[in-house]
Amino acid sequence: NAVQLRGEATSGQSSVEMVELSNSGVDELDVTGWCIAYATSTSTSFSSKGCLVSSDEWLHYFLPSGGSLQFITAEYAALHPEVLGAFTMTSGLSNTSGQLKILDGNKAVIDHVGWGLGSFAETSPVIVTSSTVGFKREAMLDTDNNASNFTVQTSTLTLQPSMAVEVSDVCHNLDGLQIQPPEDTSLDTDGNCNPIVIDLCS
């Protein structure tokens with residue numbers, strides 16, 4: 001995981017923000033509906049900054065093992081057009097203190113990071129200074145201590161290529177994700193997979 005709080009310039013780049021999520025597990029993750037939510041340093045009221053949702057209700061997002069994806073603001077995208085495949089987020093992260101939570105599709109907390117003295121965090125917050133541009137998790141280390149798991153950065157963070165994979169559920173009437181009709185079923189025009197009926201008396 002990585003968070004960029006502002007651009008490198010001392011003025012005019014306060015909204016150049018980015019949040020990167022990485023999958024350190026051995027299995028791919030269905031991250032459909034996951035959101036990043038922000039709060040001020042000691043607040044318990046979080047607001048969504050971006051979510052992995054689509055206008056197509058049957059579209060799922062998967063993150064492969066070792067893969068990463070990014071949420072970026074419009075200001076970040078304008079400054080870094082080379083970053084492709086990122087998801088959008090709204091700006092407003094404080095440079096000095098704050099909190100971010102990763103929430104799954106059921107709003108359960110997947111991860112939590114705080115920065116700045118006094119901020120709520122996992123054990124201790126990341127300590128930032130006036131020269132801090134962002135912070136990055138070291139070697140996927142997660143011991144539930146933000147201060148020791150993240151290293152502050154004073155220049156624009158280097159991103160991994162976005163590896164989120166879009167997969168469409170082709171069988172709208174069946175539980176679970178179906179990337180193709182199961183054996184002995186056929187797909188109708190409404191997106192339903194129905195058993196193939198064989199007329200034995202024809």
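**Questions on the model**

Reply: To begin with, the structure holds 1 disulfide, a term for a pair of cysteine sulfur atoms within 2.5 Å. This is a predicted model, in which local features need pLDDT of at least 70 and side-chain atom pairs count only at pLDDT 80 or more, while totals for chains, interfaces and linings use all residues. Residues are numbered from 1 along each chain as its sequence is written, and side-chain values use heavy atoms, with hydrogens and water left out.

Me: Which elements does the disulfide of C35 and C51 tie together, and how many residues apart in sequence are they?

Reply: The sulfur atoms of C35 and C51 are 2.0 Å apart, and with 110° about the S-S bond the link is right-handed. Strands, like helices, are DSSP runs numbered from the N terminus, where a helix is H or I over at least four residues and a strand is E over at least two. C35 lies in strand β4 (residues 35-39) and C51 in strand β5 (residues 47-51), so the pair ties together parts that are 16 residues apart in sequence.

Me: Is C35 buried or exposed?

Reply: Buried means under 20% relative accessible area, exposed means over 50%, and partly exposed lies in between, using a 1.4 Å probe and protein chains only. C51, at 26%, counts as partly exposed. C35 has a relative accessibility of 4%, and therefore C35 counts as buried.

Me: In what order do the 4 strands of the open sheet with antiparallel pairing stand?

Reply: Strands of a sheet pair through backbone hydrogen bonds, either parallel or antiparallel, and two strands count as paired if DSSP finds at least two bridges between them. Here β9 and β10 run antiparallel and are joined by 6 bridges, with K101 standing opposite H112 in β10. The open sheet of 4 strands has the order β5-β4-β9-β10.

Me: Which strands stand at the edges of the 6-strand sheet, each with a single partner strand?

Reply: The 6 strands form an open sheet with mixed pairing, in the order β8-β7-β2-β1-β11-β12. Two strands of this sheet have a single partner strand, so one side of each is left without a neighbour in the sheet. These edge strands are β8 (87-88) and β12 (150-153).

Me: Which residue in β11 is the bridge partner of A2?

Reply: Strand β1 (residues 2-4) is joined by 3 bridges to β2, and the two run antiparallel, with V3 standing opposite V19 in β2. β1 also pairs with β11 in the antiparallel sense, over 3 bridges. In β11, the bridge partner of A2 is K136.

Me: Which backbone oxygen does the side chain of T123 reach, and at what distance?

Reply: T123 has its place in the loop between β10 (109-115) and β11 (134-137), and because its relative accessibility is 61%, T123 counts as exposed. Leaving out residues up to four places away in sequence, T123 touches D144 and N145, where a contact means heavy atoms within 4.5 Å. The side chain of T123 reaches the backbone oxygen of D144 at 2.6 Å.

Me: What percentage of the residues in the chain are buried?

Reply: The chain has 2 helices and 15 strands, and its C-alpha atoms fill a box of roughly 80 × 35 × 30 Å, taken along the principal axes. Among contacts between residues at least 6 apart in sequence, 51% join residues at least 24 apart. Of the 202 residues in the chain, the buried ones make up 40%.

Methods: A polar contact is a pair of N or O atoms within 3.5 Å; within protein, one must be able to donate a hydrogen and the other to accept it, and residues adjacent in sequence count only if both atoms are side-chain atoms.
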